[in-house]
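This briefing walks through one protein model, topic by topic. Keep the sequence and the 3D view open while reading.

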Amino acid sequence: MLNAGDTAWVLASAALVMLMTPGLAFFYGGMVRVKSVLNMLMMNFICLAIVAVLWTLYGFTMSFGDDAFSGLLGNFSHAGMADTWGQLVGFATAATDTTPEIPWPGGDGIPMLVFAMFQLMFAIITPALISGAIADRAKFWGWALFVVVWVTIVYFPVAHWVFAFDGFMSPDAAGGWIANKLKALDFAGGTAVHINAGAAGLALALVLGKRRGWPRETGRPHNVPFVLLGAGLLWFGWYGFNAGSALSAGDLAGVAFTNTTVATAAAVLGWLIVEQLRFGKPTTLGAASGAIAGLVAITPAAGFVTPLGSIAIGVIAGAVCALAVSLKYKLGFDDSLDVVGVHLVGGLVGTLLIGFFGTTSVNSLGADGLFYGGGFTQLGKQAAAAGAVLVYSFVLTFIIGGIIKVAGGFRVSKEDEVSGIDEAQHAESAYDFVGGSIGGHSGSSPAPLPTKDGAALEGSKA
């Protein structure tokens, strides 16, 4: 029978996760230069439009249709959302020793369309995360084409591997190989979302190459308050991301909600402590980035660890990601907004640490990690899942991005990059100040200098 409470919670969670994409747009938009902020916002916003249509046409069925290729891809029985209304999904019986593959027990179900819309929001934000790696230098329509191809041949299959469980869509439905054969644990998307997007971001950064003048001219964030606003919206929406992944309004949702809170808080502290030790001052940008690192790391572990384990995961993720963001300077790849350092590294940290901090005392359908007497078995499974998704995403993304670049459709010209992508790609500018200047710098030309006697020239004041 339909469970009204669970249905309401998953619908609300879907709305929370949807808000994460505009939140990400603000988070990324505040970090880019003033002359490319609209392009960054649009790269995120267009994912809402493109992925929603593709999900309806074939994405949902590729991800959650009955398995058709040995755990690699769903069939097309739900193409165009066919046979989804009037259908319930869920696990008909509680898990037992004879059916350990059932990950979340419960006798009632939720509408298939409610589940489909919840998972759609994950599919939308995953390619949006990638956009930060190539900020300030990508053509808008080239990016849009990339999103179409990438979600089709990378995200939808990977979602099937990780999120499609045997017996969930129907009692005899078969799912993906990571969830059901390897039995690696990923509560809400550490592999399918963050490692996937982080590996893709690294590949695209290598394909498109460095920004003009990088690393000598890195460009400072043009609006740090936007960054903090975006981080706050992401943190708020992440409760739907993680607690909603319990797919029920019960104790497991409460565990995931609690773990999301404390891990994120601990990660902020971990990041700021590293900044203080390295640079002598904690920064607002560091606090926002630390929060995202904690949210990323706790995503796969939210329903499998204790609150104390979550604090440990958060502190480790905050510190490790704070150190990892500087790798791009040492290794020479221009990851504009630290997608690799935060999402790839944070996703790896959270996924692997389940192998240490996971405990069946929190979730009997999880696994005991090394610190709870489980040995290295689960850690090996977590590493295999993370490695498989990382390699698959990186290789396919490198090929997709390379083809679009060779065709001339991905990187803007040198002139457009210097003068401003917003004007070149969208015929708009984010701000309209007297004299065209903001903070002493305009999107297309330097602000006028003062005269010799110190009097400012007309138009030099924002």
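Once neighbours within four places in sequence are set aside, Phe 27 is in contact with Phe 226, Val 227, Gly 230, Ala 231, Leu 234, Ala 288, Ser 289 and Ile 292. The model is a predicted one. Phe 27 and Trp 143 touch the most other members of the largest nonpolar core, which has 129 residues.

**Core and helices**

- Helix α3 covers residues 112-130 and has 19 residues. From its first C-alpha to its last, α3 reaches 28 Å, close to the 27 Å expected at 1.5 Å a residue.
- Because 17 of its 19 residues are buried, α3 is largely enclosed by the rest of the structure.

**The largest pocket**

- The largest pocket holds about 870 Å³ of space.
- Its lining is made of 35 residues, and those nearest the centre are Leu 285, Val 325, Lys 328, Tyr 329 and Asp 338.
- Two or more lining residues come from each of α1 (4-31), α8 (251-279), α9 (284-298), α11 (327-331) and α12 (339-357).
- Helix α8 supplies the largest share of this lining, five residues.
- Sorted by class, the lining of the largest pocket has 18 nonpolar, eight polar and nine charged residues.

**Cavities**

- The model has four cavities of 30 Å³ or more.
- The second largest cavity has a volume of about 50 Å³.
- Residues lining the second largest cavity include Phe 64, Asp 66, Phe 163, Phe 165, Phe 168 and Met 169.
- The lining of the second largest cavity divides into seven nonpolar residues, two polar and one charged.

**Backbone exceptions**

- Most residues other than glycine have a negative phi, and most peptide bonds are trans.
- Met 81 is not a glycine, yet its phi is positive, about 65°. Met 81 sits in the loop between α2 (37-64) and β1 (88-89). With a relative accessible area of 6%, Met 81 is buried.
- Asp 136 is also not a glycine, and it has a positive phi of about 80°. The loop between α3 and α4 holds Asp 136. Asp 136 counts as buried because its relative accessibility is 9%, and buried means under 20%.
- The peptide bond from Trp 214 to Pro 215 is cis, with omega near 5°. Pro 215 is found in the loop between α6 (190-208) and α7 (224-242).

**Two further loop residues**

- Where is Asp 334? Asp 334 lies in the loop between α11 and α12.
- Asp 334 has 0% relative accessibility, so it counts as buried.
- Apart from neighbours within four places in sequence, Asp 334 is in contact with Ala 133, Arg 137, Ala 205, Lys 210, Arg 211 and Trp 214. Trp 214 is one of the two residues joined by the cis peptide bond.
- Ser 413 belongs to the loop between α13 (377-406) and α14 (414-419).
- Is Ser 413 buried, partly exposed or exposed? Ser 413 counts as partly exposed, because its relative accessibility is 30%, and that class runs between the 20% limit for buried and the 50% limit for exposed.
- Ser 413 and Gly 244 are 169 residues apart in sequence. Their C-alpha atoms are 43 Å apart in space.

How values were computed
Residues numbered from 1 in each chain as written. Predicted model: local features only at pLDDT ≥ 70, side-chain atom pairs only at ≥ 80, totals over all residues. Heavy atoms only, no water. 1 Å grid on protein atoms, 1.4 Å probe; cavity = no way out; pocket = protein on both sides within 12 Å on 5 of 7 lines; lining within 4 Å. Points joined across faces, edges and corners; volume = space filled by probe spheres on them. Helix = DSSP H or I, 4+ residues; strand = E, 2+ residues; numbered from the N terminus. Nonpolar A, V, L, I, M, F, W, Y, C, P; charged D, E, K, R; others polar. Core = buried A, V, L, I, M, F, W, Y, C linked by side-chain atoms within 4.5 Å. Buried < 20%, exposed > 50% of the residue type's maximum accessible area, 1.4 Å probe, protein only. Contact = heavy atoms within 4.5 Å. Expected span 1.5 Å × (residues − 1).
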